[in-house]
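Subject: Structure handover

Hello,

Here is the structure I promised you. Please open it first, then read my notes alongside it.

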Amino acid sequence: MKSIDVLAVETLLADRIGLDPSTLPRGMLPRAIRVRMDEAKLGDIAAYARRLAESESELLALTEEIVVPESWFFRDERPFTWLRDQIAARWLAQPALPSLRLLSLPCSSGEEPYSIAMTLRRAGLTSSRFIIDAVDVSARRLELARAGIYTANAFRGPAAAATEGFFRPNPNGFEIDPAIRALARFHQANVLDPDLLRGAQPYHVVFCRNLLIYLGETARARVEATLDRLVEPEGWLVLGHADRLGTGGRISRFKLDGEPGCFTYRRASPTPAAPANRHHARPRPALQPPVSPPRPLATPGPERTESLLAQAESLANQKRYPEAIAACDRLIRVKGPTAPAYHLLGTIHQAQGDPARAEDCFRKTVYLDPHHELALLSLALLAERKGDPTAAAGFRRRAKRRHAADTT
Ligand SMILES: C[S@@+](CC[C@H](N)C(=O)[O-])C[C@H]1O[C@@H](n2cnc3c(N)ncnc32)[C@H](O)[C@@H]1O
């Protein structure tokens, strides 16, 4: 049973940074607490829980120990091709449009905002026509972002080819072109802060990827309220595969709008009769062409969900991989992220020779089902191939525990 003090720490983390402790790998939080207790020279956890409740800097220090900072350039690829197409259809085609405003929230060590910058640069949008803001709670990750030096781990899979020409070798890895580095403005802030970027003009596009998956439901609803404030009317929100909005009991203003695998949502304008509740009430030029009405989203019953998964499996078995991926994406869109859907996606990416995407999907599978034996074994194999026997052994141990539990 958990001690009341560990529960107190978990509750504080959930309330202040939104973290759902059940998303953390087993043993991570107790280890992090131990590190911080040693650092703060506190001998018992009750005293540590009190310190945490009183001290913002201690909360940030513990946060540094437990955030999942995983990020890489052109992660998932499709959001960036979607962005490139939006720029071509709108900002390049219509020079009178206001400057494009983009936000990467959270940005971790900068891979996402710099991928956005490279996309804009390659599309030919001049730097006077856009701004990129990037926010993260972790001071350590932001320091890395500002330094702009990356190891090979930040370049994964075929999509990393898009970084070509923007890096030069450095004794510690690869250094980003200073002209790209200058295009992103980094800010340290907590996404749960109700005053986050208060006073900033809303953004045309907000990337909020691979954060919501770690948050509890209440925190997700709080983040959605902030996103509602930060995204322009008719602007876009880009989520990650496994992220879900928390509606907090109200109808979300964000409606899916985009190609499969892209997870872009469009913010609906407030109805004309509704009182203006945004701090930016001045009229803005509409983005052309006019918005098409959001596609209605079918909510399938259990049998429909089953049949979508079966359909995706059958397509994968026939090696019709792009169609199988589209079927999985559709399943995730209508049903939300599930371990079977991500496991199948991972298997398909593996069959297609894309280990980076496969690993991403298997990791999501085990976030959703920490005991998924097949996903754990696949992760072990991928880790071995990457020359990381320690990680491989860890995954195998977890899979074995599951196997033992199933057979006793
Ligand atoms: C997995 S990374 C995602 C980075 C990037 N968006 C991507 O998809 O590659 C998650 C990041 O969320 C940040 N984070 C976690 N909780 C946060 C909070 N309450 N406010 C701001 N950032 C937070 C972490 O510091 C970490 O860098």
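Strand E7 (residues 203-208) and strand E8 (residues 231-239) are parallel and share 5 bridges. Two strands count as paired if DSSP finds at least two bridges between them. Strands (E, at least two residues) and helices (H or I, at least four) are DSSP runs, numbered from the N terminus.

Two notes on the source. Residue numbers start from 1 along each chain, as its sequence is written. The model is predicted: local features need pLDDT of at least 70, side-chain atom pairs count only at pLDDT 80 or more, and totals for chains, interfaces and linings use all residues.

The overall picture

The protein has 15 helices and 10 strands. Of its 408 residues, 39% count as buried. Buried means that 20 or more other C-beta atoms lie within 10 Å of the residue's own; exposed means 12 or fewer, partly exposed is in between, and C-beta atoms are placed from the backbone. Now take contacts between residues at least 6 apart in sequence: 71% of them join residues at least 24 apart. A contact means that two C-beta atoms, placed from the backbone, lie within 7 Å.

The sheets

E7 and E8 belong to an open sheet of 7 strands. The order is E6-E2-E1-E7-E8-E10-E9, and the pairing is mixed. Its edge strands are E6 (184-188) and E9 (254-256), each pairing on one side only. Neighbouring strands in this sheet are turned by 25° against each other on average, direction ignored. Helix H7 (residues 139-147) lies across strand E2 (130-136) and E6, and runs at about 165° to E6. Such angles run from 0 to 180 degrees between N-to-C directions, with axes as lines fitted to C-alpha atoms, for helices over the stretch in contact.

Another open sheet has 3 strands in the order E3-E5-E4, with antiparallel pairing. Here the edge strands are E3 (149-150) and E4 (167-170), each pairing on one side only. E3 is joined to E5 (residues 173-176) by 2 bridges. In that pairing, Ile149 has Glu175 of E5 as its bridge partner. E4 and E5 share 4 bridges. Pro169 is partnered with Phe174 in E5. A hairpin connects E4 to E5 through 2 residues.

The core

The largest nonpolar core holds 100 residues. Such a core is a set of buried Ala, Val, Leu, Ile, Met, Phe, Trp, Tyr and Cys residues joined through C-beta atoms within 7 Å. Val206, Cys208, Leu237 and Cys328 have the most contacts inside it. What does Cys328 touch, leaving aside its neighbours within four places in sequence? It is in contact with Ala312, Ala341, Leu344 and Leu345.

Around the ligand

There are 23 residues around the ligand, and Ser71, Pro106, Ser108, Val137 and Val191 come nearest. A residue is near a molecule if its C-beta atom, placed from the backbone, lies within 6 Å of it. By class, this shell has 9 nonpolar, 7 polar and 7 charged residues. Ala, Val, Leu, Ile, Met, Phe, Trp, Tyr, Cys and Pro count as nonpolar, Asp, Glu, Lys and Arg as charged, and the others, Gly among them, as polar.

Backbone details

Most residues other than glycine have a negative phi, and most peptide bonds are trans. Look at Pro106 with that in mind. A cis peptide bond joins Leu105 and Pro106, with omega about 5°. Pro106 sits in the loop between strand E1 (100-104) and helix H6 (111-123). Ser108 lies in the loop between E1 and H6 too. Its phi is positive, about 50°, although Ser108 is not a glycine.

Is Ser108 buried or exposed? Ser108 is buried, because 26 other C-beta atoms lie within 10 Å.

Lys41 also has a positive phi, about 55°, and is not a glycine. Lys41 is found in the loop between helix H2 (28-39) and helix H3 (45-54). Lys41 has 6 other C-beta atoms within 10 Å, so it is exposed.

Finally, go back to helix H7, where Arg146 lies. Arg146 counts as partly exposed because it has 13 C-beta neighbours inside 10 Å. Arg146 and Ser109 are 37 residues apart in sequence, but 7.9 Å apart in space, C-alpha to C-alpha.

Best wishes
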